[in-house]
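Subject: Structure handover

Hi,

Here is the structure you asked about. Please have a look, then read my notes below.

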Amino acid sequence: MSKELQGTTSAVADKNPQKTESSTHQHPNFGRIRSFVHRRAHITPGQQQALDTLMQKWAIPYQAELLHFDTVFQRHAPTILEIGFGMGETTEKIAQLRHEENFLGVEVFNAGVGAMLNRIENSQLNNVRIIQHDAVDVINHMIPLDSLAGIHIYFPDPWPKKRHHKRRLIQAPFVHLLAQRLQKGGYIHCATDWENYAEQMLAVLSEEPLLENTAEGFAPKPDYRPQTKFETRGFRLGHHSWDVVFKKV
Ligand SMILES: C[S@@+](CC[C@H](N)C(=O)[O-])C[C@H]1O[C@@H](n2cnc3c(N)ncnc32)[C@H](O)[C@@H]1O
């Protein structure tokens with residue numbers, strides 16, 4: 001077994017995690033109504049090769065057991081969770097900029113995970129690890145309470161049709177689970193280019209008693225978040241994007 005694999009396997013803190021308060025707060029629909037669809041998107045040979053060869057080195061297998069971040073990253077540093085990193089472009093830039101922090105990226109999409117593995121390997125981003133699994137399960141079963149310095153959720157699937165709004169990730173029960181896993185003073189930063197979802201994000205985060213807004217309404221885009229290709233294209237078409245940044249009180 002490789003050193004890296006041993007590291008990730010032993011990073012699990014507790015074989016029998018206590019049933020936390022959060023697990024009883026789960027939305028009855030989470031677990032059945034998913035925030036993603038399994039895309040049969042094209043995967044490049046390079047992405048497939050990364051999935052075949054780099055998972056053991058940079059990914060943590062999903063297990064319903066709490067993680068020890070110090071063991072996962074082999075150092076003591078603040079840990080930021082990112083949900084739905086897509087192709088990993090933003091994650092890579094932020095992890096390079098903020099190399100003194102750990103980044104744990106959760107994504108389900110094969111091509112995205114393959115692309116991110118290649119980014120980590122090519123840039124030797126020692127401060128990034130991946131879990132390929134539904135973030136709702138990861139939050140519920142792998143992330144200890146009061147453990148995260150931050151959470152990033154950038155351009156989550158907007159599910160624009162009203163009948164699909166129930167699939168949106170940012171809903172009160174899930175935000176409560178997230179807030180419980182932040183340390184006091186930790187932040188949650190969401191961004192979207194879908195106005196109706198931006199309003200939902202602001203409303204849902206404002207109603208969560210564990211969180212407080214860092215701005216009056218929407219926040220200015222923090223400097224560490226790069227403008228994505230989609231955003232750049234959208235701005236040219238006259239679209240906007242919105243950031244919300246809340247802190248745990
Ligand atoms: C619209 S993309 C945005 C990707 C990236 N954050 C960006 O800004 O380009 C949303 C991503 O979230 C992922 N996703 C949605 N729900 C998820 C979940 N429950 N767990 C993990 N990933 C999820 C999807 O697979 C998709 O890649």
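Predicted model: local features only at pLDDT ≥ 70, side-chain atom pairs only at ≥ 80, totals over all residues.

The chain has 249 residues, and 37% of them count as buried. Its secondary structure comes to ten helices and nine strands.

Now the ligand. The shell around the ligand holds 21 residues, and those that come nearest are Phe36, Gly84, Gly86, Ala135 and Phe155. Two elements give two or more residues to this shell: strand E4 (102-107) and helix H7 (135-142). By class, twelve of the shell residues are nonpolar, six are polar and three are charged.

Next, the annotation. An unreviewed UniProt entry lists Lys161, Asp193, Thr228, Lys229, Phe230 and Glu231 under "binding site". I looked at two of these.

Lys229 sits in helix H10, which covers residues 229-236. Is Lys229 buried or exposed? Lys229 counts as exposed, because it has 11 C-beta neighbours inside 10 Å and the cut-off for exposed is 12 or fewer.

Phe230 is also placed in helix H10. Phe230 has 14 other C-beta atoms within 10 Å, so it is partly exposed. Which residues does Phe230 contact, leaving aside its neighbours within four places in sequence? They are Phe155 and Asp193. Phe155 is one of the residues that come nearest to the ligand, and Asp193 is on the UniProt "binding site" list.

Best wishes

Note on methods:
Residues numbered from 1 in each chain as written. Near = placed C-beta within 6 Å. Helix = DSSP H or I, 4+ residues; strand = E, 2+ residues; numbered from the N terminus. Nonpolar A, V, L, I, M, F, W, Y, C, P; charged D, E, K, R; others polar. Buried ≥ 20, exposed ≤ 12 C-beta atoms within 10 Å, placed from the backbone. UniProt positions renumbered as here; feature names shortened; annotations may be inferred. Contact = placed C-beta atoms within 7 Å.
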